[in-house]
Amino acid sequence: MQTINTAKSLSEQCRQWHKEGLTIALVPTMGYYHAGHASLMDKARTLADKVVVSLFVNPTQFGPNEDYASYPRDIDRDTKIAAEHGADLLFAPEPSELYAPNASTWVEVPEMGSLLCGVTRPIHFRGVCTVCTKLFMLTQADYAVFGNKDWQQQAILRRMVRDLFYPVQIVGVPIVRAEDGLALSSRNVYLTEEERRQAPEIFRGLDYARQLVSQGETKASVLRDAVLRRWAAKLPLGRLDYLQVIDSENLTQLDQITVPASMACAVQMGKARLIDNIRLN
Ligand code: AMP
């Protein structure tokens, strides 16, 4: 596996591969790898001839009071994991490599980006769309692999790619969870012992809603109340940001489960803001 730090070298290497008739799968990440990231790399390996993993803590998707500076980083360990999971190229640029001092162009999906996480993180998805655009342009990847954990991110990127005819196919990968159900996240390292003990309740709550749907419940307010009651008893350290029943594709809030629907949430636990989602039907 080669490691590349400049946009120019990344672009040249990917061009060369395409000239040779090889396909490319891209896995965008912010690093501090866990089994969720590894499953994205494994999926990419099955899709294309060459796997490019990008490791970049993207400053423009963090708000002023968020954890950009303290976001966990371990490039040596990440380099090993990416190589073990079949990456051909690790792209690990400095921010100045992707953002010129007077960079002033943004890509945005404003409506979808203002829902759910966008309420408390108003610039987040603009940063995500912009950095993914840069990565798609530099690599000209045939496939880009994203985790279902960040469901809103994936839905927004699918919309961006469709609307602007980006020549890349977005591929989603199931959420990888700890044995007790907690969705793996680089931010789980922020949890205290007691917070970590309670955190699986987030998934158990969502899964309870899914069970209610499988037993015939279709009203979003009933599902939401059932989960909130459960969390009030079992997740006292969690502070709710949002819990919504949504149309899985366009992310709008649903009153009734009539179309493919998901339940999505964000819960603040101490220093960690945890997100999760489940498909309900
Ligand atoms: P991040 O490094 O947290 O920005 O995540 C990079 C990619 O890994 C995104 O596409 C995430 O959705 C995906 N990802 C993160 N955690 C998980 C997980 N537990 N299961 C599956 N994919 C994940």
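1. Alanine 25 has tyrosine 143 of S5 as its bridge partner. The two strands, S2 and S5, run parallel and are joined by 2 bridges (strands pair if DSSP finds at least two bridges between them). Helices (H or I, at least four residues) and strands (E, at least two) are DSSP runs, numbered from the N terminus.

2. Before going on, please keep in mind that this is a predicted model, where local features need pLDDT of at least 70, side-chain atom pairs count only at pLDDT 80 or more, and totals for chains, interfaces and linings use all residues. Residues are numbered from 1 along each chain as its sequence is written, and side-chain values use heavy atoms, with hydrogens and water left out.

3. S2 also pairs with strand S3 (residues 50-55), in the parallel sense and over 6 bridges. Here proline 28 has serine 54 as its bridge partner.

4. How enclosed is S2? Largely, because 6 of its 6 residues are buried (under 20% relative accessible area, 1.4 Å probe, protein chains only). Ile24, Leu26 and Pro28 cover one side, and Ala25, Val27 and Thr29 the other.

5. Now to the ligand. A polar side-chain atom of aspartate 150 lies 2.6 Å from a ligand oxygen atom, and a polar backbone atom of glycine 147 is 2.9 Å from an oxygen atom of the ligand. A backbone N or O atom of leucine 184 sits 2.9 Å from a ligand nitrogen atom. Polar contacts here are pairs of N or O atoms within 3.5 Å.

6. Strand S2 (24-29), helix H2 (35-47) and strand S5 (143-147) each give two or more residues to the shell around the ligand.

Notes: Polar contact = N/O pair within 3.5 Å; in protein donor to acceptor, adjacent residues only side chain to side chain. Buried < 20%, exposed > 50% of the residue type's maximum accessible area, 1.4 Å probe, protein only.
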